[in-house]
Every structure is written in C-alpha cells, then in structure tokens.
Amino acid sequence: MKPLHSYGVLQKGLLAGAVYFCAFAYGQSQDSLTLQDIEMVRITKLNPKTKHQEKLYTSTSDFLNHDAGEFLSSRPEFSGIRKSGNYATDPVLRGFKYEQLNIVIDGMGHAINACPSRMDPAVSQINMNMIEQAEIYKGPYHFRTGPSLGGTINFKTVPAEYRDTRRLSGRYSAAFESNGSITRNEAAASLSGKKIVWDIFGSHQKGDSYKDGNGATVRSKFLRYSVGSKLNAQWNEVHSSALQVSNNQGRDVEFAALNMDLIYDKTWMLQGSHAMEWNGRRLERLDFSSFLSYVDHSMGTPNGMMVSDVASKTYGARSEAKFRLGKGLLYAGLDYKKEGAENLRMISPPTMKPRDGSAWQDSSNENLGFFAELQQNYHASRLSLSYRMDYNTGRTLAPSQLFRQLYRELSPQDLNHSLSAGYSQSLGRNTVLSLWAGRAQRSASLTERYINLFTVGNDSYEMLGNPELRPETNNQSDLIFTYKTQDVYFQANAFYSYLEDYISGVKRSDIKKYSMTSPGVRQYQNIEKAFKTGMDLSAGYKITPAVGVDVGIAYTYARDFDSGEPLPEIAPLDGRVKLHGAWEKFSAAVKYRYSAKQERISKEFGELPTEAFHVVDLEARIPVFSGASFQLGVYNLFDAAYSEHLSRTLSQDRTKRILSPGRSLSVGFTVAF
C-alpha cells in the first residue's frame, strides 16, 4: 500500500478538528430541542422537489446511486460487507448485520436474497431515485415494522404532493466517474392533481473494472437498471391509497471475492397500502398494507462451466391503528410475512459429484406478529413503551439425507417476545438526557436454518444450516446525551449489548464437505453468551450562516464470552469531518475520513488485520439556471490504497482483501421542472 505521510498539514488539521468537535452532521434549524419518540436518525437526500432541514451537500449519488448500502455508509456507525467493488454493499450497524437488522421500504416491503452468497441483499433492490430519506432506529427498541434485534432501517419513498390544479413535474440526472468509466442516468416524472398523483421513475447505471490506489485492476464490472411507477389516490378527507410496482435488473456483475459472478438478477416488487385518518377522534388513523416480491437470480463461474439458477419469494401484510390518549399516542397492530427460496436449475461439469440435496432445499420461514407502542408526553419528559410477540415457523420441502440424519426437527416453531422502554428528560431549553433499555428476540433466518453445504460466510468453509437453533436474544441499553442550539449540535450515545444464544458458525470435522476446494464445514450453532459495546459521537457547528462543520466518530467492541475471542466482522474506529459551505451561486464540501487499524480479529474465522487509512473527497455544486445544476467531485483525492475491514478477500488470493477505488473524478448534471 502507498504510504500515508503525504497528507501533512491537512491531515493533522482535520484530525484536530475531529478531536475538538467529536461527532457527525445534523441540520441546525431550531434553537430548542424537541423530545423524540425514540433514538432515531434521518439521512435525508437533497430532493429538488422538496425542502429539507438537513442536506447532503453536492452529492452526485443522491438519485444516481445504485447501492443503498453505500448510501448508508455516509454515517460512521455504518460499515458494509463488500464482495464486489461497486455493487450490493451489505450494511452493518454497530456490528449487527443480515437478518439482525430489519430493512424495509415504507415500513413493510422488501425482498430477501435469492443468492445464498448474498449477491443480492435486501438493500440492492431499493431504487434510490424514489427514496426521500432513510430512517434509522438504532438498537432493539422499534418493533412496529417487524422484529428488530440490532436496529431498523426504513427507506421512505417520496410522498405524494396533491395540487389544486393539474401539474406535470419531473427530473433528469446524469453523471460520469472516471475510475471504472461509470455512467449513471436516472429520471422521474410526476402528474399531480387534487385526487391523484402518478409517479414514474427509472434508472440505468453501468461500470467497468476500476483501479485501486496501487494502480491494480479490480474486477468490478456491473450493469443495473430499473423502472417503476407509483399511483397515489386521495379519495376524500378520510381515505387514501397507494400502489407501487417496480422491476430491478442486474446484469453481468463481477464479484471479485466470490467464485461465481452474477449473470442476471430480475426482481419484481409490488406494494399497496390504504389509510383512513380522522381528526379529533380517539382513533386517529388506520393503516393497511401488503407487499409481494420475487427474485429470479442466475450466477455462474467466469468460464461458464457452472451455472446455478435460484429464486426467492417474499410476501406479507400489515395493519396498524393509531389512538390519541390525551398527551399520549398508542400504536397497535398485526403483521405477517412469508419468505422462501429454491434452486431452479444447476449446470455443472460431468466430473463433479452429485449433491445431496440442493443449497436451499426448497425452504421457507413464516412470521406472524403483534405489536404495540405507547408514547406518553409529560411537561418536560417523554416515556415510550414497546412490545412485540412473534410466532415463527420454518419448513423445508426437499431436505437432504444429511439433514434427515442430523436433525429430529425440520419444522421448528418459536414464540418470541420483544419489549423496550425509553425515557427522555429535558434538562433545560437545549439539553436532553435519554435512557433506553430493550430485550429483543429473533428466530434463525432461512440461511441459518436450511442452507445445505454452501459457502456463504466470511471464509471458505461450507455452511450447514440448523433448524434446531434457538432464537437469538439481544439485551441492550443506550444512554444518550443531546445538546442543541441554533449554531451548535452535540450528541453522545453509549450502548451495551448482552447477547444470548448468539448464532454463529462452528467447525464440524465429522461432517464431510461437498466441494474439493473448501477447507471444511461449519454448522450454525448458538453461542451461549457474547457482548458488544461502543459509542457514537456526533456534532455540528455553524461557523457562519453559509459555512458549517460536521464531525462524527463511531466505535464498537465485541467479544465471545465463552472463548474470549473477538466476534468476527467488527469494523474499527471510524471518524469523519465535513467542512461545507452553501452560497447563492455555489456550494462545496471537503470531506475527510479516518479509519483506524483493526487488529482485534477473529482467528477462528481466519480474519485478516486491516491497516489504518485516510481519505479526502472534494465536492461542489454550481447552479446553471432554475432547477438545474452541475456537480463536480474528486474522490480519494490523494489516491490512497486502502481496504475496508469488512471487504471480503479476493477469490484468487485469500490473503488480500478487495481494495477500494483509487482517485476518481466525477461530473454530473441535474435538471428538474
């Protein structure tokens, strides 16, 4: 890797700023602090159609980004598992990942991965050009949108804007990035009136292999495009409905960390909702929603000798009632979800031995849940209480002989209970102290229950599912101190998580592997006790009306109580500084990121240490005329050669991780009418 000494004065100055300010970006629009329902963070994109208090200045990825996981990583408490350099980043929040996070669209819809190796995680199916904001609920405290062990991420689409007169509005954006020759295009149009708002949207992104900071080529070719439509209807003052359909397509995506590449990924997503709202009544609102998603996925080796076609289907429904109880609110409802995956076709060399059953074994999970949340306001404080109960079942229609021999129970049933309490106390006009405590349970995922001798983890071992897994339990508390004035924002959030029956992979030398290249087999098992602890610090300071600085730091420490070894895939200390300014005819930002060395690694999983790195980005936006602007960017300004700790190792060399892109120039154009 390249030495980092060339940063000099700039590096030291930005580090000094990080130490002084200690946190991350929030808009300052009020001189008093409002008590929130829960510790929630909103990442708001800059949308030409709407005005927001918080802006991500001059970011060309606002609508053009094809990777929602990369979008989330703008916050230091988020990291991402990367198997491809430019595609399908799997988000990790405070060390919680995969099904430990509840990722939904508009509180309900999502698609599960059809690929066992997660080439197509849930976030890869989100169309960013129709997302207004991402709501992030950290911790096991928010249960209204589904089971939540480590956190909830709710991607909210752009809301309907009804107008007295009929109006057509729209937007087109395009961008080009030099490193990887990436082209991005997206467009959206909306026809709005008094009763109907009809939106159509689409995007197209394509890229080639990029150069890392050492000048080496990283296989990262991709093609992704999508099209969709959303119809909103305001029937009268009480009733409103929405129906959205989208089709996402991935083609010829290279995964440098996997033995196979993505040939195609075809996903259909359908979501409908109906709401009834009354003013001045105890029952204020009723919501009903349902969704369906289907993923048709094909993957194969680069030489075409092996091809595997798989599919997943997810559908569900949700109902919620909102009651006004004096100064309090009560939410209560039911939800249902079923997810399943199956292998459709397998082409393999004649010399390869036949499998004992398929990878997915035609398996499914079902979940029926009840939830309730009470929010009670007092003079200078707020109390929140939440409860959720889930009845979860699993099933396989084509179990292998190995599964039949190992397990007595192939169709598990779990009854899970989750509850949380939060109390926020105002300590003055500008200060709030909050304490949250929660205990959440989740049943094992489809992969953890039923995957059959397939490499899906962070090493090359074949994973074996276990339908006899006990539900995973997280006992967590968060202590949050917040200070906010018109020009200053500061928040410190410390958390501790005590995990029971933590689900992980354990080596089984007595079980024969399927692949000749695999070192062995890991079986999903429950670890009795583990813990995670850490802190998120965030701050912002408005230097002048036009210039501000935002800083953020996040750190997580995690360990297995039994072995004393660090838990795998825990990101190191991460710090960010952003100096930004916005004037009438110009806006710009300088972004600095520092990621510390990570030597607390799991030797059991063959993790590699990661060196510290520094990255500087420059961004600018220049308005051309009303509704139109150019965006310019230089990313990885000093061409640093670095790797994220959660990036997977190269399939051709397991001693090296995927390196991130080197210096890249970007130019974009957006016009809205």
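## Helix 3 and Leu72

Helices here are DSSP runs of H or I with at least four residues, numbered from the N terminus. In this predicted model, helix 3 covers residues 68–72, and Leu72 lies in it. Leu72 has a relative accessibility of 0% and therefore counts as buried, since the cut-off for that class is under 20%. Between Leu72 and Ala216 there are 144 residues in sequence, while their C-alpha atoms lie 27 Å apart in space.

## The annotated plug domain

An unreviewed UniProt entry carries the annotation "domain: TonB-dependent receptor plug" for residues 66–150. Within residues 66–150, the chain is 27% strand and 6% helix.

## Confidence of the prediction

For the protein, the mean pLDDT is 90, and 91% of its residues reach 70 or more. Over residues 1–34, however, pLDDT stays under 50. For that stretch the model has 99 contacts beyond four places in sequence. Residues 46–60 also have pLDDT below 50, with 51 contacts in the model beyond near neighbours in sequence. Where pLDDT is low, predicted coordinates should not be read in detail.

## Cavities

Empty space left among the atoms can be found by rolling over them a probe the size of a water molecule. The count of cavities of 30 Å³ or more comes to nine. The second largest cavity has a volume of about 640 Å³. Its lining consists of 42 residues, of which Glu99, Asn102, His110, Lys337 and Glu339 are the closest to its centre.

Several strands contribute to the lining of the second largest cavity, each with at least two residues: strand 3 (90–93), strand 5 (101–105), strand 18 (328–347), strand 19 (363–377) and strand 20 (381–396). By class, this lining has 12 charged, 14 polar and 16 nonpolar residues.

## Strand 33 and Thr649

Strand 33 comprises residues 649–650, and Thr649 is found in it. Is Thr649 buried or exposed? Thr649 is buried, because its relative accessible area is 16%, and buried means under 20%.

Which residues are in contact with Thr649, leaving aside its neighbours within four places in sequence? The contacts of Thr649 are Ala256, Ala257, Leu608, Arg654, Lys656 and Arg657.

Conventions
Residues are numbered from 1 along each chain as its sequence is written. This is a predicted model: local features need pLDDT of at least 70, side-chain atom pairs count only at pLDDT 80 or more; totals for chains, interfaces and linings use all residues. Side-chain values use heavy atoms; hydrogens and water are left out. Buried means under 20% relative accessible area, exposed over 50%, partly exposed in between (1.4 Å probe, protein chains only). UniProt positions are given in the numbering used here, feature names are shortened, and annotations may be inferred rather than shown by experiment. pLDDT is the predictor's confidence in each residue, from 0 to 100. Contact means heavy atoms within 4.5 Å. On a 1 Å grid over the protein atoms alone, a cavity is a set of points where a 1.4 Å probe fits but cannot get out, and a pocket is an open set with protein on both sides within 12 Å along at least five of seven lines; lining residues have an atom within 4 Å of a point. Grid points are joined across faces, edges and corners, and a volume is the space filled by probe spheres set on the points. Ala, Val, Leu, Ile, Met, Phe, Trp, Tyr, Cys and Pro count as nonpolar, Asp, Glu, Lys and Arg as charged, and the others, Gly among them, as polar.
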